[in-house]
Amino acid sequence: MADGDSSGSDGDDTAPRMEESDLRSLFSAEEWEIGTKFPEPDTVPTKHFELLVSLGSLNFPGVLRSMVDERRWLDIGRYLRRALRFHAKDAAEAVAYPPARPDHIRRAHPELYVLPRRQHALELLGQGKRQEALRYYHDAILARIHPVRRNAHVDELLSSLAEIINQDKPLDLGREALETHKAIEEYIELYFPRLRRGVKLRGLPGDGDKLGGSCRFGWLVLPLQQEPCEEHHELVRCLVCHSRLHLRSPQHWTFTEHLYTECPAMTPYLRKQLPRPHLQRLGTRRDQDLAQDEADAAAEAAAAAGGGGGGAGGAGIHGDDDDAAGAAAPPAT
């Protein structure tokens with residue numbers, strides 16, 4: 001279907017080629033300092049806005065906020081794909097599913113591929129275009145994600161979208177957009193920590209302790225006003241699966257257990273970054289999961305080398321354009 005998301009190269013071949021140092025030279029010291037520290041759209045100099053979008057620069061968080069406010073979800077999908085190329089060094093160090101190539105967003109970062117496209121499908125539904133939303137879900141999302149390695153969280157994003165479309169469930173587009181934006185920002189925070197992007201996180205207790213390294217993966221939040229106060233009024237939001245968790249004390253210990261045994265959005269890359277577990281059974285679980293990750297990566301690499309390439313990514317881990325037309329869609333879910 002002609003949805004603006006299947007145009008092949010997406011103009012990237014003619015997009016400006018620029019290093020981060022070259023980009024910085026276009027801004028005054030004050031513009032760079034303000035724009036990279038605060039997420040409001042008006043902190044991005046207007047004259048450079050479209051350049052930042054075309055490059056895929058994540059340095060200015062106001063760029064993403066502005067596109068979210070304008071509901072430019074397909075543009076956001078392309079912007080995030082370009083970001084993997086512009087921030088090539090950071091992307092090479094943080095492939096969620098190795099051995100995928102760092103700039104192949106579907107294979108390297110399936111959640112980042114799905115989030116803006118899922119929101120676009122919801123926008124179509126909100127406009128009363130149910131059949132168009134259903135076609136987009138099957139052709140542009142499900143068919144392209146179905147062959148790649150992914151976790152239970154991505155599967156839940158897909159199944160919940162299908163349920164909303166098929167069952168005509170009530171839709172709060174404003175809240176969905178807010179959650180999608182927040183999830184994208186949290187994803188960037190985890191995989192591109194050098195950028196910081198003005199995100200101010202309240203660290204978990206025990207951050208200075210050897211066992212408290214889990215603070216990188218979650219932050220403390222207060223309950224929303226309409227929610228009843230719990231015995232422990234401070235909640236932990238997991239930056240990995242974007243869930244709000246009620247945890248008993250000590251929070252950093254129980255949160256670490258969530259990351260090791262319950263978090264549905266854990267990836268092979270993040271698993272290697274997890275803090276040292278405080279219980280032997282968690283250490284054993286970690287060793288088993290890491291071994292499975294290595295086996296999966298080896299199988300994917302072998303399939304690609306043998307020319308099959310399809311087992312975990314359609315045309316292989318080194319071979320296709322991430323916005324090229326996908327294979328025939330699997331049966332409807």
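This is a predicted model: local features need pLDDT of at least 70, side-chain atom pairs count only at pLDDT 80 or more; totals for chains, interfaces and linings use all residues.
Residues are numbered from 1 along each chain as its sequence is written, and side-chain values use heavy atoms, with hydrogens and water left out.

Among contacts (heavy atoms within 4.5 Å) between residues at least 6 apart in sequence, 64% join residues at least 24 apart. The secondary structure comes to 14 helices and three strands, taken as DSSP runs numbered from the N terminus, with helices being H or I of at least four residues and strands E of at least two.

Two helix pairs illustrate the packing. Helix α8 (residues 110–126) packs against helix α10 (residues 152–167) at an angle of about 10°, with their axes 10 Å apart; axes are lines fitted to C-alpha atoms, for helices over the stretch in contact, and angles run from 0 to 180 degrees between N-to-C directions. The two helices are therefore roughly parallel to each other, a term for angles under 35 degrees, whereas those over 145 count as roughly antiparallel, 65 to 115 as roughly perpendicular and the rest as oblique. Residues of α8 including Val114, Leu115 and Arg118 meet a set in α10 that includes Leu157, Leu158 and Ile164. By class, this contact of α8 with α10 has 12 nonpolar, two polar and two charged residues (Ala, Val, Leu, Ile, Met, Phe, Trp, Tyr, Cys and Pro count as nonpolar, Asp, Glu, Lys and Arg as charged, and the others, Gly among them, as polar).

Helix α5 (residues 73–86) and helix α11 (residues 173–191) pack at about 5°, with their axes 13 Å apart, which makes α5 roughly parallel to α11. Here Trp73, Ile76 and Leu80 in α5 meet Ala177, Thr180, Ile184 and Ile188 in α11, and the contact has six nonpolar, one polar and no charged residues.

The three strands form an open sheet of order β1-β2-β3 with antiparallel pairing, where two strands pair if DSSP finds at least two bridges between them. Strands β1 (218–221) and β3 (244–245) stand at the edges, each with a single partner strand, so one side of each is left without a neighbour in the sheet. Four bridges join β1 to β2, with glycine 218 partnered by cysteine 238 in β2, while β2 (residues 235–238) and β3 pair over two bridges, arginine 237 having arginine 244 of β3 as its bridge partner. From β2, Leu235 and Arg237 point one way and Val236 and Cys238 the other, and all are buried. The hairpin of β2 and β3 has five residues between the strands, and histidine 242 in the turn has a positive phi of about 65°.

Note on methods:
Buried means under 20% relative accessible area, exposed over 50%, partly exposed in between (1.4 Å probe, protein chains only).
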